[in-house]
Amino acid sequence: MDEEYDVIVLGTGLKECILSGLLSVDGLKVLHMDRNDYYGGESTSLNLIQLWKKFRGNDKPPAHLGTSRDYNVDMVPKFMMANGTLVRVLIHTDVTKYLYFKAVDGSYVFNKGKVHKVPATDMEALKSPLMGLFEKRRARKFFLYVQGYDEKDPKTHEGMDLTRITTRDLIAKYGLDDNTVDFIGHALALHRDDRYLDEPALDTVKRMKLYAESLARFSRWISIHLSTVEYDDEGKACGVTSEGETARCKKVVCDPSYLPNKVRKIGKVARAIAIMSHSIPNTNDSHSVQIILPQKQLGRRSDMYVFCCSYSHNVAPKGKFIAFVSTEAETDHPETELKPGTDLLGPVDEIFFDIYDRYEPVNEPSLDNCFISTSYDATTHFESTVTDVLNMYTMITGKVVDLSVDLSAASAAEE
């Protein structure tokens, strides 16, 4: 243990694990530690007994739910875009050989009190019950523009500079109504609130293209009890001491719980986790599905997210489904606040409610050598998570990860 490392990573949450892998691939000497007796941090996966202990204390789970080891319940659902940045990072770190991906059966949006499949192409837009006949025609034109848009080819821009005009202005050009804008912005582009409408349209168009393309298409580990981060006379982190031994390092990477004096609270997440014996109603009997409830549909300041997976994903015994509902908390009453989402689930065998705080770093890494991740938000997808990871990687190394991998070629190679 009394060695020197380039980086010591504290915590085994998804962000810390990705960073550990990226830094190791770069050839850095990395020591990865966790003070818990389980891997995963806030994004860990629990069996039924662990789940019961977390939410119900010393009570025992009922026998009718099945065997504990048949459950693998994520505390943070790991839903990712098939053509997204996280997949590229996983390929870059060469861990995809250890992973098995399963496509989600469908993505849905809550609109006017009902759940509808999200149209992602011009043809799906024409069939969608979300829009009337004339609105479908307008939406189809907009989708065709997005699908054909190439940032490097001015011929596809139709005379518009998307780095200058806002999303609101772009949408106005096609005359789309508020309900259509709602599912485009929140269910396709995966924005969490409506601020995007007054920001440059390029980001929204890229997000929509990623959604459509996604449809078409780690280091040294030591799990020990952590004691303290050590600092030198200049206040810079220089090592970690545990059980009387000190590992020296140039930089420390960790989640907010390891250095609470260097973070600030930025909000709360309300979440519910349900065990069910059926798929979510009105989702075509899907074994895995995402439903986005846009803020306007609920009269809230932020969106609500529902995600469901099942025994077909090896997370529960045969016949059982696991559903998650989450949102940025606006009250201290998750049962009431999450009701629009939990009402969509139908009857549940068991349901657990929780609120946890979110933190972001306030330190200056160049002064203290401490690189702290931001807490997980309420979204069910991981594009925002990997953005934080890549920003941290750049701060740590001064470099940008080259993620220009051909995902179709990578998939073919693995087959």
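**Residues with positive phi**

D285 is classed as exposed, because its relative accessibility of 64% lies over the 50% cut-off. The model is a predicted one, and the points below are grouped by topic.

- D285 is placed in the loop between β11 and β12, the latter strand covering residues 289-293.
- The phi angle of D285 is near 55 degrees, which is a positive value in a residue other than glycine.
- N314 likewise is not a glycine and has a positive phi, of about 60 degrees.
- N314 is found in the loop that runs between β13 (304-310) and β14.
- With a relative accessible area of 64%, N314 is exposed.

- R358 belongs to strand β15, which spans residues 350-361.
- R358 has a relative accessible area of 10%; this is under 20%, and R358 therefore counts as buried.
- When neighbours within four places in sequence are left aside, the contacts of R358 include R264, K265, I266, G267, K268 and V269.
- Also among the contacts of R358 are E328, T374, S375, Y376 and D377.
- D150 is located in the loop between α5 and α6, where α6 covers residues 167-174.
- D150 counts as partly exposed, because its relative accessibility of 35% falls between the cut-offs of 20% and 50%.
- Leaving aside neighbours within four places in sequence, D150 is in contact with T156 and H157.
- D150 and K206 are separated by 56 residues in sequence, and their C-alpha atoms are 9.5 Å apart in space.

**Packing of α5 and α7**

- Two packed helices are described by the angle between their axes and by the distance between those axes.
- For α5 (residues 133-148) and α7 (residues 178-188), the axes come within 11 Å and cross at roughly 40 degrees.
- The crossing of α5 and α7 is right-handed.
- On the α5 side the contact is made by E135, A139, F142 and F143, and on the α7 side by T180, F183, I184 and L188.
- Sorted by class, the residues in the contact of α5 with α7 are six nonpolar, one polar and one charged.

**Largest cavity**

- The volume of the largest cavity is about 110 Å³.
- The lining of the largest cavity consists of 14 residues, and those nearest its centre are M75, V76, P77, R271 and S326.
- Strands β11 (263-276) and β14 (321-328) each contribute at least two residues to the lining of the largest cavity.
- β11 gives the most to the lining of the largest cavity, namely four residues.
- By class, the lining of the largest cavity comprises 10 nonpolar, two polar and two charged residues.

**Second largest cavity**

- The second largest cavity has a volume of about 30 Å³.
- The residues lining the second largest cavity are D178, V181, D182, D194, L197 and K296.
- Helix α7 supplies the largest share of the lining of the second largest cavity, with three residues.
- The lining of the second largest cavity has four charged residues, two nonpolar residues and no polar residues.

Technical notes. Residues numbered from 1 in each chain as written. Predicted model: local features only at pLDDT ≥ 70, side-chain atom pairs only at ≥ 80, totals over all residues. Heavy atoms only, no water. Axes fitted to C-alpha atoms, helices over the stretch in contact; angles between N-to-C directions. Left-handed = near helix turned anticlockwise from the far one by under 90°. Contact = heavy atoms within 4.5 Å. Nonpolar A, V, L, I, M, F, W, Y, C, P; charged D, E, K, R; others polar. 1 Å grid on protein atoms, 1.4 Å probe; cavity = no way out; pocket = protein on both sides within 12 Å on 5 of 7 lines; lining within 4 Å. Points joined across faces, edges and corners; volume = space filled by probe spheres on them. Buried < 20%, exposed > 50% of the residue type's maximum accessible area, 1.4 Å probe, protein only.
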